[in-house]
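Please open the model in your viewer and keep a selection tool at hand.

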Amino acid sequence: MAELRGESEIKSEQRRVGLLYDERMCKHHTPNHEDHPENPNRIKAIWNKLHTSAIHQRCVLLDAKEVEDEHVLLVHSQNHLKLIKNIGSKQFDSRRARIASKYNSIYFNEGSSEAASLAAGSVIEVTERVAKGEFNSAVAIVRPPGHHAEHDEPMGFCLYNNVAVATSILLNEKPELGINRILIVDWDVHHGNGTQKVFWEDPRVLFFSVHRHEFGSFYPANDDGFYTMVGKGPGAGYNINVPWENGRCGDADYLAVWDHILIPVAKEFNPDIIIVSAGFDAAVGDPLGGCCVTPSGYSSMLKKLMDFANGKIVLALEGGYNLESIAKSMLACVEVLLEDKPVVGSSEAYPFESTWRVIQAVRKELSPFWPTLAEELPKKLTSQNAPPILHDLSSSSNSDVEDNEGPNVVLMNFEEILQDVIEPLSKLKVNEGQVAGSSDTWRSDLSKIYIWYASFGSNMWQPRFKCYIEGGQVEGMTRPCSGAVDKTPPKEIMWKTFPHRLFFGRDFSQTWGHGGVAFVNPESNIEEKVYMCLYKITLEQFNDVLLQENTRGALMSSPLFDLTALNSFTRGESNSVEVNLEIGWYRKVLYLEKDHGIPILSMTCKLSELEGFKSGELPVRAPAEGYAKTLIRGLVEGKQLSEAEAIAYIERAYTRPL
């Protein structure tokens with residue numbers, strides 16, 4: 001490690017920027033050097049890029065330090081400290097893999113303890129030096145990352161929560177430095193769940209995270225990153241989440257969030273120092289992130305932050321798994337901190353329409369705490385949108401990727417992206433309102449097969465179900481449905497009851513917003529009764545409904561539920577099957593019985609998720625008001641229950657324990 005350079009070597013006219021890198025953090029790797037996105041080459045690539053550009057010569061190089069136990073304990077439990085501190089010792093050689101398997105997206109080897117200690121200690125070192133005024137700003141090129149690590153649990157490649165530990169030291173251990181308000185900006189593509197929880201009730205910390213969320217289906221695949229999670233008690237309003245609804249967000253989307261949420265709030269908050277959880281996995285070409293932020297985009301975001309806290313900014317590396325992207329992005333950021341180059345404009349003209357929707361939802365939610373967000377954005381501004389996303393080319397659920405099931409790599413060249421979309425579309429032909437193509441022969445086959453689709457949620461109200469067939473939306477829905485390819489109305493509609501348990505779970509849904517949604521326990525129970533509205537539709541239409549229940553809807557090259565699965569039901573081989581979708585909450589098709597020879601099918605959560613609801617790992621929640629009203633309308637207009645009876649039926653479903 002290079003030694004601290006003397007002041008005489010620093011140009012007096014440039015900002016003093018500290019830079020910390022230590023190759024000992026490369027000792028943390030997979031046990032047998034298996035391929036993994038979070039690997040030592042990440043920090044090596046960044047350091048080599050800075051070295052090649054000679055920009056490191058214009059920074060002050062700092063030595064890494066290991067973290068002290070008492071500092072870790074400001075954030076983590078004694079058990080957590082003991083685990084990470086000792087996991088690298090020989091006594092764990094035979095047990096590391098088994099211990100790691102207990103956690104979400106974690107590996108350990110003999111170098112993990114030292115690397116984790118150096119990562120946390122190094123972020124502390126640079127943060128304290130900036131807080132003292134020794135440097136205008138600083139950069140910590142560290143790994144393993146930290147923002148997912150929680151009080152008593154490593155997760156998401158993270159062992160210690162580096163940024164949270166450094167923040168806690170400034171606020172609780174170093175009052176002489178006069179740091180009373182800290183802004184943490186987490187621009188990693190994944191939600192900083194661990195950091196959020198540490199400062200959930202602390203008004204001294206304004207935690208801001210912008211991330212892919214997709215209504216809880218993107219890693220860490222929970223509800224923590226939704227915009228309604230604003231903090232608690234004295235910390236209410238000091239936790240700001242900006243949850244992207246889709247991938248492909250780029251410079252224009254991020255800068256719109258900066259201009260219309262972060263910057264106005266930062267002006268009111270007036271931080272004494274800014275710490276950036278600088279993950280670069282929202283960068284173009286990242287195999288896990290699926291977004292399109294350029295080095296120019298990162299430098300523009302950072303430049304805007306330099307207007308606060310007298311430019312006292314610390315960058316602590318988090319994620320980022322495309323070596324070229326993270327190296328170029330970090331170089332662009334260091335240039336900004338040195339005030340070396342002017343920031344050039346963004347490559348995208350306008351944000352996505354979904355970006356404006358998220359921005360407006362966040363502003364509305366946070367406006368009681370930050371009056372500057374109360375003013376409505378002009379329609380002239382929010383109507384300027386990028387072209388709609390034709391289909392999502394990126395990984396839709398990073399939780400699967402981080403569990404090592406293999407990433408869906410984002411195509412870096414936009415000409416390739418367009419060709420990927422246009423070529424298949426050019427082979428399609430329109431025939432009587434339906435899209436047909438060589439890969440759609442299954443539609444013709446399944447359009448001849450009728451089933452009863454048994455609905456127990458909002459689809460019990462017929463105008464709501466009509467949206468899944470014809471497209472559109474009804475009152476209370478936050479977004480329209482795309483509709484089925486075959487828009488023919490159901491042949492028949494009838495009601496039946498079945499011996500299954502209705503319950504409500506999750507914290508929000510794509511269609512209804514905050515609140516639980518309806519599920520049924522796939523196991524029958526003669527003591528239970530669930531009301532279901534049955535629609536006689538084709539198996540082709542059922543597939544389109546199933547897709548829309550789980551995703552935003554798109555053309556399918558093959559059915560999610562085919563004749564083979566249906567025949568296994570009717571032959572009595574099984575009564576449920578999980579469909580091949582990476583995201584969504586209704587991925588189990590349930591066979592109930594036959595009516596006049598026609599199978600009755602429903603859909604509910606996977607068995608593993610049902611166990612999560614029972615254990616409390618997944619939340620059981622009351623439904624949103626608009627969602628509940630829709631269920632009640634369905635029951636009343638279907639002449640199954642009176643309004644009072646319907647309200648009582650819904651209340652029983654979410655108040656009784658599973």
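This is a predicted model: local features need pLDDT of at least 70, side-chain atom pairs count only at pLDDT 80 or more; totals for chains, interfaces and linings use all residues.

Residues are numbered from 1 along each chain as its sequence is written, and side-chain values use heavy atoms, with hydrogens and water left out.

Switch to a cartoon next, and the secondary structure of the chain comes to 21 helices and 20 strands, where helices (H or I, at least four residues) and strands (E, at least two) are DSSP runs numbered from the N terminus. Of the 658 residues, 59% count as buried, a word that stands for under 20% relative accessible area, with exposed meaning over 50% and partly exposed in between (1.4 Å probe, protein chains only). Among contacts (heavy atoms within 4.5 Å) with a separation of 6 or more, 75% are between residues 24 or more positions apart.

**The largest cavity**

Now select Y468, S509, V517, E549 and Y586, which of the 26 lining residues are the closest to the centre of the largest cavity. A cavity is a set of points on a 1 Å grid over the protein atoms alone where a 1.4 Å probe fits but cannot get out, and lining residues have an atom within 4 Å of a point. The volume of this cavity is about 330 Å³, a volume being the space filled by probe spheres set on the points, which are joined across faces, edges and corners. The search of the whole structure finds 4 cavities of 30 Å³ or more.

Colour domain 1 (17-343 + 350-373) and domain 2 (443-655) separately: both give residues to the lining of the largest cavity, so the cavity lies between them. These bounds come from an automatic or database domain assignment. Strand 11 (450-455), helix 16 (462-470) and helix 17 (539-550) each supply at least two lining residues, and helix 17 gives the most, with 3. By class, the lining has 10 nonpolar, 12 polar and 4 charged residues, where Ala, Val, Leu, Ile, Met, Phe, Trp, Tyr, Cys and Pro count as nonpolar, Asp, Glu, Lys and Arg as charged, and the others, Gly among them, as polar.

Move to V636 in helix 20 (residues 625-637), which is partly exposed, with a relative accessible area of 32%. Not counting residues up to four places away in sequence, V636 touches L641, S642, E643 and A646. A distance drawn from the C-alpha atom of V636 to that of M460, 176 residues apart along the chain, reads 9.9 Å. In the loop between helix 20 and helix 21 (643-655) is K639, whose phi is near 60 degrees, a positive value in a residue other than glycine; K639 is exposed, at 73% relative accessible area.

**Other backbone stops**

Select N310 in the loop between helix 9 (295-305) and strand 8 (313-317); its phi, near 55 degrees, is also positive in a residue other than glycine, and N310 is exposed at 75% relative accessible area. Finish with two cis peptide bonds, one joining R143 and P144 with omega about 0 degrees, and one joining Y219 and P220 with omega about 10 degrees. P144 sits in the loop between strand 3 (137-141) and helix 6 (162-172), whereas P220 lies in the loop between strand 5 (205-212) and strand 6 (239-244).

Key. On a 1 Å grid over the protein atoms alone, a cavity is a set of points where a 1.4 Å probe fits but cannot get out, and a pocket is an open set with protein on both sides within 12 Å along at least five of seven lines; lining residues have an atom within 4 Å of a point.
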